Amino acid sequence: SCQFFSVLPVMPAPRTFIVGGNWKCNSTRASIKALIDEWNKEPDISTAEVEVVIAPPAVYCDYTRLIMRPDFQLMVQNTWVGKGGAYTGEVSADMVGDFGFGWALTGHSERRSLPELKESDETVAQKTKYALDQGLSVMFCIGETLAEREAGQCDAVNQRQIKALEAVVDKKAWQRIVIAYEPVWAIGTGVSCPPDKAQETHKAIRDYLTSSQGEDVAQSVRIVYGGSVTPDNCDTLSQCPDIDGFLVGGASLKPTFLDVIKAYKNKTKRQLPVSVKHMNPYGREGLDCVLVGDKPVLPVSKGMGCGEPISVFVFPNDKAMGAGLVAEVAAAAKECIAQKGSFTLAIPAGSVVKALSNLSPDACDFNKVHIFFTNERLAERKSYKGALDAFITKCGIPLEQVHGGPEGTPAEAADAYTKLIKEHPGVDNSRSLPAFDMVLLGVGADGHCGTMHPNSVHVKAVGSGQVVW
């Protein structure tokens, strides 16, 4: 019977981690300059899997824009409900767009709850819709008070606030909406919502969106957490599968805000959770499926490689392939060589070779490593040949143990693998093509995996976050 192993809840595509910094009614020109001077000491993150959006007070928007590092975006803390006019003290979304800011913050609990403001759900929804209509992206805040939570009304309150927005925006608008869940009782109090409770609430929000907007919207909308987020608790919170970032208040006024941003690295390794849904045509079952970023999700000691249930590593993009990949390959290779005398690695994506070039020549006995390039298009990508040659030369892999590749074809790789396993003692030869020891897959921007050669494991696509065999 088909077995099923789920590493994490599924999603159709990676959700880019996002961190908002809300300065509220704080700062001076001097403090802003001092803060940004400190931030500028850290490397640019424009190519990292994270977005950063800063919301300065309105009077400091222009000054902040002039000196802000270019990899950080900017956001206004509030907008008017519609077009500008005789509304003293207000700022319309038209002005925000004309000014060059791309984001607006709406519905913050302080604006919903302060007696001087008391914005209703309908007012927040109207503001949000108008900002979206003007081309802005919106960080839409929701959240319950302590009394509402203690009364068991948390989910009801969040759904009520979302329903007000759903009443005025269409489905397409959700592409530019980030939901910021902020338990009111945790904002500015130093008391953060426990990670398990935060995850529980985020999942409830996503489940509600599934019922109201459909799974495609629910799985693509980013839901961030806000409420006394600090460098001390951000790592734990960021590892929750339905928390896609943070909206940070007081901690965003400090140089250590950069440490909160770096929590995105915890997310890289699991942006595309994977589950094996069906057996492959040759009877082998893939049970261990991992997305590797900076660190492995599951260790090799739990059955990775060695001809056991196939180890599938899926990467959402080239940036996710780093030290974690190198460590996993080296560890699996050592274990397999020790147990059965060889290690077979299937690679359908040439970009993986660039990461593997970081393997140390003494990472394992490369004389016993067989590499199979199973993507026919590699033959058309000459840019990979240099990386492949460097990898083979550096590690001393015998050329006769490299199959397929930029000059080969999937069929040649399949023939070579068939010959190898038939000659190799201790391998189950009852099947012409049992599983490779390890398979490294790359996921394209459309969410589809590279396809393995037709005589072995065939990955059709990633549908609803699942690799289908």
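**View 1. Salt bridges in the predicted model.** The structure holds 20 salt bridges, a salt bridge being a side-chain nitrogen of Lys or Arg within 4 Å of a carboxyl oxygen of Asp or Glu. This is a predicted model, in which local features need pLDDT of at least 70 and side-chain atom pairs count only at pLDDT 80 or more, while totals for chains, interfaces and linings use all residues. Residues are numbered from 1 along each chain as its sequence is written, and side-chain values use heavy atoms, with hydrogens and water left out. The protein has 16 helices and 18 strands; these are DSSP runs numbered from the N terminus, with helices being H or I of at least four residues and strands E of at least two. Of its 469 residues, 55% are buried. Here buried means under 20% relative accessible area, exposed over 50%, and partly exposed in between, using a 1.4 Å probe and protein chains only.

**View 2. The salt bridge between Arg222 and Glu51.** Look for the closest N and O atoms of this pair, which are 2.6 Å apart. Distant parts of the chain are linked here: Arg222 belongs to strand S8 (residues 222–225) and Glu51 to strand S3 (residues 50–55), 171 residues apart. Arg222 counts as buried, at 14% relative accessibility, whereas Glu51 is partly exposed at 21%.

**View 3. The salt bridge between Arg206 and Asp244.** These two side chains meet at 2.8 Å, N to O. The pair links distant parts of the chain, 38 residues apart: Arg206 sits in helix H8 (residues 195–213), and Asp244 in the loop between helix H10 (234–238) and strand S9 (245–248). Both Arg206 and Asp244 are buried.

**View 4. The salt bridge between Lys262 and Asp259.** Here the N to O distance is 4.0 Å. Lys262 is partly exposed, with a relative accessible area of 33%, and Asp259 is partly exposed at 34%. Elsewhere, salt bridges with shared partners join Arg15, Arg206, Asp242 and Asp244 into one network.

**View 5. Helix H5 and its surroundings.** H5 (residues 121–133) has 13 residues and reaches 18 Å from its first C-alpha to its last, close to the expected 18 Å; the expected span is 1.5 Å times one less than the number of residues. Which residues of H5 are buried? They are Asp121, Val124, Ala125, Lys127, Thr128, Tyr130, Ala131 and Leu132. As a reminder when tracing a helix, an α-helix has 3.6 residues a turn, so residues three or four places apart point the same way. The cover over the buried residues of H5 includes helix H3 (93–99), strand S5 (103–106), helix H4 (109–113), strand S6 (137–142), helix H7 (154–166) and strand S7 (177–181). Just after H5, Gly135 takes a positive phi of about 95°.

**View 6. Helix H5 against helix H7.** The two pack at an angle of about 45°, with their axes 8 Å apart. Axes are lines fitted to C-alpha atoms, for helices over the stretch in contact, and angles run from 0 to 180 degrees between N-to-C directions. That makes H5 oblique to H7, given that angles under 35 degrees count as roughly parallel, over 145 as roughly antiparallel, 65 to 115 as roughly perpendicular and the rest as oblique. The contact (heavy atoms within 4.5 Å) is made by Asp121, Glu122, Ala125 and Thr128 of H5 and Arg160, Gln161, Ala164 and Leu165 of H7.

**View 7. Helix H7 against helix H8.** The axes of H7 and H8 come within 10 Å and cross at roughly 40°, which means that H7 is oblique to H8. Residues making the contact include Cys154, Asp155 and Ile162 of H7, and Thr201, Ala204 and Tyr208 of H8.

**View 8. Glu110 and Lys24.** Glu110 lies in helix H4 and is partly exposed at 28% relative accessibility. Where is Lys24 found? Lys24 is in the loop between strand S2 (17–22) and helix H1 (29–39). Leaving aside neighbours within four places in sequence, Glu110 is in contact with Lys24, Leu117 and Ile187.

View 9. Most residues other than glycine have a negative phi. Lys24 has a positive phi, near 55°, and Ser27, in the loop between S2 and H1, has a positive phi near 95°. Ser27 is partly exposed at 23% relative accessibility.
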